[in-house]
Amino acid sequence: MDDTYFMEQAIRLSKLAVIHGNEPFGAVLVKDDKIAWESENRIYTGFDPTFHAEIGLIREYCAKTHIANLSEYTLYSSCEPCFMCCGAIVWSKVGRLVYAASDIDLCNILGKRGADCCKTVFDNSSWKPEVTAGVLRDKSIKILADYFSKNIKG
């Protein structure tokens, strides 16, 4: 398996999030080329503004498995994680992060100023996962643009 395959799964989950009434963000946790857990954004249906795809995935997987150190895992996200989710990635010691669209891409769609969330958090933290950006970026941007052309963020 390669990054493209697992990113396709994260993007599939971002589409499901919209179908389920949430914003278009999805995440997949992988170890040894196998999906260990997946999650989609549930901020609206879960009535939890912190239930982003990444942090929800980390919460659920760690609680289910009693594993709190994810240094042997790769987290695939349809969009660059926000500051909050980057903090969860640091605290759970995710070994590698792969994302599609950047926060700057998302904020350009929203007409706002974006940030380099991952770099800002990881450069100032004791844990620094390996990061690969831009995998299937255009595909993710299209989904984000389609959704946010009709919906307000948050």
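Student: Which residues touch the most other members of the largest nonpolar core?

Tutor: The model is predicted: local features need pLDDT of at least 70, side-chain atom pairs count only at pLDDT 80 or more, and totals for chains, interfaces and linings use all residues. Residues are numbered from 1 along each chain as its sequence is written, and side-chain values use heavy atoms, without hydrogens or water. A nonpolar core is a set of buried (under 20% relative accessible area, 1.4 Å probe, protein chains only) Ala, Val, Leu, Ile, Met, Phe, Trp, Tyr and Cys residues joined through side-chain atoms within 4.5 Å. In the largest one, of 31 residues, the members touching the most others are Ile-58, Leu-70, Leu-75 and Phe-122.

Student: Which element gives the largest share of this core?

Tutor: Elements are DSSP runs numbered from the N terminus: helices (H or I) of at least four residues and strands (E) of at least two. Those giving two or more residues to the core include β1, β3 (74-79) and α6 (137-148). The largest share, six residues, is that of α2.

Student: Is Asp-32 buried or exposed?

Tutor: Asp-32 lies in the loop between β1 (26-31) and β2 (34-40). Although not a glycine, Asp-32 has a positive phi of about 55°. Exposed means over 50% relative accessible area; at 62%, Asp-32 is exposed.

Student: What is the phi of Phe-47?

Tutor: Phe-47 sits in the loop between β2 and α2 (53-65), and its relative accessible area of 75% makes it exposed. Most residues other than glycine have a negative phi. Phe-47, not a glycine, has a positive phi of about 50°.
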